[in-house]
Amino acid sequence: MMRTLLVRGMLVGLVAGVLAFLWAHFVGEHPVRAAIAVEEAAAPPPVPGGPVEEEVVGRGTQEGLGLLLGTTIFAVAIGGFVALVLAIVQGRASTLRVRATVAAVCGLGFLATVIVPFTKYPANPPAVGSGDTIDERTGWFFVLVIIALVGVVAAVRLGRQLHARWGAGNAIFAAGVLFVLLMAVAHVALPNENEVRAGFPPQILWDFRLANLGTQAIVWTTVAFGFGIAAEHAVEGRPLRPRARPLPQTVA
Amino acid sequence: MSSTTPTVDVERTPVPPVSLREILPYWVFAGVVLMFGIYFVGAEEGATAVFSGSAVHELVHDARHLLGFPCH
Ligand SMILES: [Zn+2]
């Protein structure tokens, strides 16, 4: 069963990665190109006969095959992890239907790994950041993601404990309050990183960040929906395509 | 989900479909491989590097940006 779930999660992830690529390629590359153009216009003209910056991978490959490779590897990994988490929580932390559990896992995963880091270390288009701070920015980004994942687990545990006494609505509200408080503390405690130089066009930045959210949203919603169906059928032993059921006999 | 067959929605899965003993080896092996995939797209040849050079970084570069990982 674990193998089936993992394979299905990763296959759905593959589809999610291709869909995310289409969005990223046709929508996301606009602000990326615009940001590169702004930076190239601001850069001093190259000295004739001076050292030429060598392109290891051309822009065409980066916007095409490279982008496709990146989104699919990422989305396959997300699909796989959602399958691994589902196997643990289904029937234990969650007594919901499989599809609902998958949706909850994906929603909380999106919250912890996309929305929370977005509020503190939002994505920047190429040519914006400084290469000197990439180490610490990457480090704090992953620290915040880990804190958010721990926060999700803590909030879910609290919600489950309060469920019997307070009912579902109040328990979910209390869990949400705990999560927001934990994230607020993390937000204040972790250092700020602001890479955007003064004068960078805000519209390009805004468009790029929306494109970033869109790319991630496509990955997570595709896994939530697609793997929800595939996993439910795997667990409940029904074929993926429902067989034509004989119509109930109508009594004349 | 379907409003035509309300009885199906009331069903619960009372028992875990996968035992923890079955899950553990998959978590260990698949977890490592999948984590490496995310690392490969999100951070390789940026903050840290397994491969030398910058070919991996350059190849998945746009995906890294558009997926929201820090870069540059
Ligand atoms: Zn970059």
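Which domains does the domain assignment give for chain A? It gives domain 1 (1–41 + 62–129 + 198–239) and domain 2 (133–195), with bounds taken from an automatic or database domain assignment. Everything below comes from a predicted model, where local features need pLDDT of at least 70, side-chain atom pairs count only at pLDDT 80 or more, and totals for chains, interfaces and linings use all residues. Residues are numbered from 1 along each chain as its sequence is written, chains are lettered from A and ligands numbered from 1 in the order in which they are written, and side-chain values use heavy atoms, with hydrogens and water left out.

View 1. Chain A has seven helices and zero strands, where helices (H or I, at least four residues) and strands (E, at least two) are DSSP runs numbered from the N terminus. Take the contacts (heavy atoms within 4.5 Å) between residues at least 6 apart in chain A: 85% join residues at least 24 apart in sequence.

View 2. The centres of domain 1 and domain 2 of chain A, taken over C-alpha atoms, sit 19 Å apart. Domain 1 brings 14 residues to the contact and domain 2 brings 18. About 1,400 Å² is buried between them, 70% of it from carbon and sulfur atoms; buried area here is the accessible area (1.4 Å probe) that two parts lose on being put together, summed over both. On the domain 1 side, A:V116, A:K120 and A:Y121 supply 45% of the area buried against domain 2, more than any other three residues.

**View 3. The largest nonpolar core.** This core has 66 residues, and A:M2, A:L5, A:F74, A:V82, A:V102, A:W220 and A:F227 have the most contacts inside it. A nonpolar core is a set of buried Ala, Val, Leu, Ile, Met, Phe, Trp, Tyr and Cys residues joined through side-chain atoms within 4.5 Å. Zoom in on A:W220 and you'll find it touching A:I78, A:V82, A:C106, A:G109, A:F110, A:T113 and A:V114, leaving aside residues up to four places away in sequence.

View 4. Ring pairs link A:F74, A:F141, A:F142 and B:F69. Rings of Phe, Tyr and Trp (its six-membered ring) pair if their centres lie within 6.5 Å, with planes under 30 degrees apart called stacked, over 60 edge-to-face and the rest tilted. The A:F141 and A:F142 rings have centres 5.3 Å apart and planes at 85°, so they make an edge-to-face pair. A:F141 is buried at 5% relative accessibility, while A:F142 is partly exposed at 26%.

**View 5. Where chain B meets chain A.** Here 44 residues of chain B contact 59 of chain A, and the chains bury about 4,500 Å² between them, 71% of it on carbon and sulfur atoms. The count between the chains is one salt bridge, a side-chain nitrogen of Lys or Arg within 4 Å of a carboxyl oxygen of Asp or Glu. B:D62 and A:R59 meet in a salt bridge at 3.0 Å, N to O.

View 6. A:T215 belongs to helix α7 of chain A and is buried at 0% relative accessibility. A:T215 touches A:A20, A:W23, A:A24, B:L66 and B:L67, not counting residues up to four places away in sequence.

How values were computed:
Buried < 20%, exposed > 50% of the residue type's maximum accessible area, 1.4 Å probe, protein only.
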